[in-house]
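Here are a few notes to read alongside the model. Have it open and go through them one at a time.

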Amino acid sequence: MLFISKETQQINDEIKDKELRVISADGEQLGIMSAKEALKIAEDNDLDLVKIAPQAKPPVCKIMDYSKYRYEKAKREKENRKNQKQLEMKEIRLSVTIDVGDFNTKLNQAKKFLASGHKLKVSIRLKGRMMTHSDLAVENMNRFASQLEEEANVDKAPKLEGRQVLMFLSPKSK
C-alpha cells in the first residue's frame with residue numbers, strides 16, 4: 001500500500017534528489033541510483049517515477065503507471081464512501097399534554113430508529129402558558145428516556161433551551 005500525499009507528491013522530472021532508492025513496478029528493489037538513471041529506467045518501460053517516501057534517507061521512489069495508480073485510488077475511495085454508513089439524527093417531537101396512545105406510538109418509532117443505529121433528538125416545544133410548566137415537559141422527557149433505557153443511552157439529559165426542552169439519545173452498543 002502506498003501512502004502518497006498530494007502536497008509532497010513528485011513525479012518524473014519534479015524529483016531533484018541526487019540519490020534515490022528505487023523500487024521496480026513489480027516491487028523488486030533496484031537499489032540506490034541517481035534520479036537520471038531511475039528516470040531513464042522508468043521511461044524505457046513507458047512508466048513514471050513517483051516519489052513515495054520523501055522523508056527517507058535516501059528518498060524512496062517507485063516505478064509505476066501513475067495515471068493507473070490515481071484511477072485505482074479514486075475508485076477505492078469511491079467504494080469506501082459507498083460502503084460507509086451514514087449516521088442520521090432522527091427527531092421525535094413530544095408535547096407536554098401527550099396522551100398514552102400517542103406516547104406509545106412515539107416510543108415505538110424511537111425504538112425503530114435506535115434499532116437502525118440512528119441517534120435521536122427528542123424535543124418538546126413549549127407554547128404560551130406551557131412555559132410556566134416546563135417541569136412537566138422535563139418529566140415527560142424523563143419518562144420517555146426511562147422507557148427506552150434498554151435500547152438507548154442518554155447523551156444529553158432533558159434541558160430547557162429557550163422555548164424547547166431537548167434531550168439526545170444514542171443506541172446502546174451491543
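1. A word on terms before we start: two residues are in contact when heavy atoms of theirs lie within 4.5 Å. With that in hand, take alanine 152, which touches Leu114, Leu169, Ser170, Pro171 and Lys172, leaving aside residues up to four places away in sequence. Keep in mind that what you're looking at is a predicted model.

2. Staying with alanine 152, you'll find this residue in strand S7, which covers residues 152–161. Is alanine 152 buried or exposed? With a relative accessible area of 8%, alanine 152 is buried, because buried means under 20%. Have a look at alanine 115 too: alanine 152 and alanine 115 are 37 residues apart in sequence, and their C-alpha atoms are 9.3 Å apart in space.

3. Now for the open sheet of four strands. Its order is S2-S1-S4-S3, and the pairing is mixed. The edges are strand S2 (29–34) and strand S3 (48–53), each of which pairs on one side only. On average, neighbouring strands of this sheet are turned by 35° against each other, ignoring direction.

4. Zoom in on one pairing in that sheet. S3 and strand S4 (residues 60–64) run antiparallel and are joined by five bridges. As background, strands of a sheet pair through backbone hydrogen bonds, either parallel or antiparallel.

5. What packs on this sheet? That's helix H1 (residues 35–44), which touches strand S1 (19–23) as well as S2, S3 and S4. The direction of H1 makes about 130° with that of S2.

6. How many salt bridges are there? The count comes to four. Aspartate 44 counts as exposed, at 53% relative accessibility.

7. Another salt bridge links lysine 82 and glutamate 79, whose closest N and O atoms are 3.9 Å apart. Both are in helix H2 (residues 66–83), and because they are three residues apart there, about one helical turn lies between them. The general point is that an α-helix has 3.6 residues a turn, so residues three or four places apart point the same way. Lysine 82 is exposed, with a relative accessible area of 62%, whereas glutamate 79 is partly exposed at 38%.

8. Then there's the salt bridge in which the side chains of lysine 156 and glutamate 161 meet, at 2.5 Å from N to O. Lysine 156 is partly exposed, at 30% relative accessibility. Glutamate 161 is partly exposed too, with a relative accessible area of 33%.

9. Last stop: helix H4 (residues 134–147). Its 14 residues reach 20 Å from the first C-alpha to the last, close to the 20 Å expected at 1.5 Å a residue. Which residues of H4 are buried? They are Ser134, Ala137, Asn140, Met141, Phe144 and Ala145. Look down the axis of H4 and these buried residues fall within an arc of 135°, so they line one face of the helix. They pack against strand S5 (89–94), helix H3 (100–115), strand S6 (119–125), S7 and strand S8 (164–171).

Definitions and conventions: Residues are numbered from 1 along each chain as its sequence is written. This is a predicted model: local features need pLDDT of at least 70, side-chain atom pairs count only at pLDDT 80 or more; totals for chains, interfaces and linings use all residues. Side-chain values use heavy atoms; hydrogens and water are left out. Two strands pair if DSSP finds at least two bridges between them. Helices (H or I, at least four residues) and strands (E, at least two) are DSSP runs, numbered from the N terminus. Axes are lines fitted to C-alpha atoms, for helices over the stretch in contact, and angles run from 0 to 180 degrees between N-to-C directions. Buried means under 20% relative accessible area, exposed over 50%, partly exposed in between (1.4 Å probe, protein chains only). The expected span of a helix is 1.5 Å times one less than its number of residues. The arc is that of the directions from the helix axis to the C-beta atoms.
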